Amino acid sequence: MKPSYQSFVGLSPTSPDVSTPRRFMLRLAVGVRTPIALGVAYGILTMLARSFVPIVTGIAIDQGILKRDQRALLVWGAVMFGLVVFQAVTTTLQERCDFATNIGTSYRVMQLVGTRSAELGATLRKRVSTGEVVNLGIGDITPIGQALAATSRGLGGVAAIVGVAVIMLISAWQLALTVLIGVPALVWLLTRILTPVRRKQRAVRQRQGELAAVAVDIAGGLRVLRGIGGEEHYAQRFRDKSQSVRHASVEAAGLQARAAAARTILNGLFSTAVVWLGAHLVLSGELQVGQLVAFYGYAVFLATPLRWMTDSIEYLAQGQVSAERVSRFLALERDLPDGPAGRPAQERAELADPESGLVFPFGSFMGVACTLPDDVATLADRLGRYTESEVTLAAVPAAELSLANVRERVLVVGNDDYLFAGTLGDGLDPTGRAGTQGVMRAAEIASALDIIEALPGGLGGESQAAGRNFSGGERQRLRLLRALVADPDILVLLEPTSALDALTETSVAGRLRESRAGKTTVVFTTSPAVLGLADGVWYVEDGKAVASGAHSALLADERYKALVTREADTA
């Protein structure tokens, strides 16, 4: 059974546990619970060790310096040294755990997005733009990892504040109440300040996705744009979009800067209040000088755990924005529901489409001539079960078969199919089952030997993304070659020879028929050279089969003759 993103988080896309960003992040946290737990432990130990530094300093002053006790000064100095060493060790371990949490979570989200993209298949392009998927991978994966990694700092800050509050409560209850009341109020206020920042960041991410989509569209259709003179129009569109993103980013940065300033001011005011109250208690005789130094140290020290807490809140806010986008993507469903996994069609399966009247006996080489180009795509999608239909395979409704079974048995090949970047051999034979000899035999059938020989390195040469280093005719032959290497039981081809000259087309069609003997081949075409070699031809008007028979017999039908003759004249 193929792995899915459910296997990574243990949940289905529609489960309530992934229906909200917070629950999704909680499930991710479960997956990296060990480094998170260790990071939290080390973060707490680090901050507690730091929180003891001011009180040890105060005791050293009161017991060692003011009383002129050298032994006490040495003892408390050694304690201070031990705290510093302990901090260095725990801080290092905490940073390692934070790194593991960050990278581990980011990689896990990358797995989920990549796996879900593969599961969605053809549905992906209908639901989400390419730029949006790219933006998820670039802009949303890292913030989620950073948000979970920040938990160790945030909880460490909480532990430090609680520890300081306890120490202060023992020394001076007034200061303890100030801390216990002031810190929650400060955190609440900072959370409210960050709310508009979160909304603005969400809007910026949305615009960044739209801009990435425009950039991908332009890059993908650059040759076409130059050919029709639309390059400047789309360039202006990209400039307008990029300026919109820039303005939104500047606004978000302004809000974030004001939030940071407010955080600094509030932290400073809080520390000042603690110092003022501590000084007042010293003057009243309720505190000693060393305790005053300790409380001043606490006032300075509290800025660090408070910063850790507020930074954690900010990271969590950013992570929630990204988690919302990722969880929404992961919740997408395929247009086609999967059928029962355990009902395969028989080996020699007849393919039929009752809606159009098309029937293809197993082992036949059939042609389909459609008057409307749109019918070609529609019928091919139905035969390959890319849309809901009444198509049957061995008299079994394709909707009752698993998609994996249908995909294994039926292969639909069109002229827009993607050629992947990498070595040409890997792109043509990704499973490696055919081997070099199998690929070369298929290349001879598809009349593609010259393409391989002309490429530096042959099958080991580099094919650019979408096959950009090949001409349109070469790409068409490579797609046919790849389909022949796959060697499915039923092969559906859409105009596979439209870019070839008449002589090469006839040669390819003859070799194709011979090589596919014993397996079903369906060719959508209006080429007489191909149709003349078919066992039978279906003539389709308005999505319905209106005539069938041998090509030579169908030529007596004026409608069919006009269609294929016009094709011949314009070839």
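This is a predicted model: local features need pLDDT of at least 70, side-chain atom pairs count only at pLDDT 80 or more; totals for chains, interfaces and linings use all residues.
Residues are numbered from 1 along each chain as its sequence is written, and side-chain values use heavy atoms, with hydrogens and water left out.

The secondary structure of the protein comes to 21 helices and 12 strands, where helices (H or I, at least four residues) and strands (E, at least two) are DSSP runs numbered from the N terminus. Of the 571 residues in the protein, 46% are buried; buried means under 20% relative accessible area, exposed means over 50%, and partly exposed lies in between, with a 1.4 Å probe and protein chains only. Among contacts (heavy atoms within 4.5 Å) between residues at least 6 apart in sequence, 78% join residues at least 24 apart.

The crossing of H3 and H4 is left-handed, a term used if the near helix is turned anticlockwise from the far one by less than a right angle, with right-handed used if it is turned clockwise.

Met 80, which is placed in helix H4, is 28 residues from Phe 52 in sequence and 8.7 Å from it in space, C-alpha to C-alpha. Leaving aside neighbours within four places in sequence, Met 80 is in contact with Val 53, Val 56 and Thr 57. Ser 106, also found in helix H4, is buried, with a relative accessible area of 10%, and with neighbours within four places in sequence again left aside, Ser 106 is in contact with Ile 141, Thr 142 and Gly 145.

Ala 434, in the loop between helix H14 (424-428) and H15, is partly exposed at a relative accessible area of 27%. Its C-alpha lies 10.0 Å from that of Leu 484, although Ala 434 and Leu 484 are 50 residues apart in sequence. Beyond its neighbours within four places in sequence, Ala 434 is in contact with Asp 429, Val 439 and Val 485.

Helix H18 (residues 502-515) has 14 residues and reaches 20 Å from its first C-alpha to its last, close to the 20 Å expected at 1.5 Å a residue, the expected span being 1.5 Å times one less than the number of residues. Thr 504, Glu 505, Val 508, Ala 509 and Leu 512 are buried in H18. Seen down the axis of H18, these buried residues fall within an arc of 130°, so they line one face of the helix, the arc being that of the directions from the helix axis to the C-beta atoms. The face turned away from the buried side of H18 carries the exposed residues Leu 503 and Glu 514. Among the elements that cover the buried residues of H18 are strand S3 (365-370), helix H15 (435-445), helix H17 (472-486), strand S9 (490-494) and helix H19 (528-531).

Several loop residues complete the description. Asp 487, in the loop between H17 and S9, has a positive phi of about 55° although it is not a glycine, and is partly exposed, with a relative accessible area of 37%. Asp 542, in the loop between strand S11 (536-541) and strand S12 (544-549), has a positive phi of about 50°, again without being a glycine, and counts as exposed at 63% relative accessibility.
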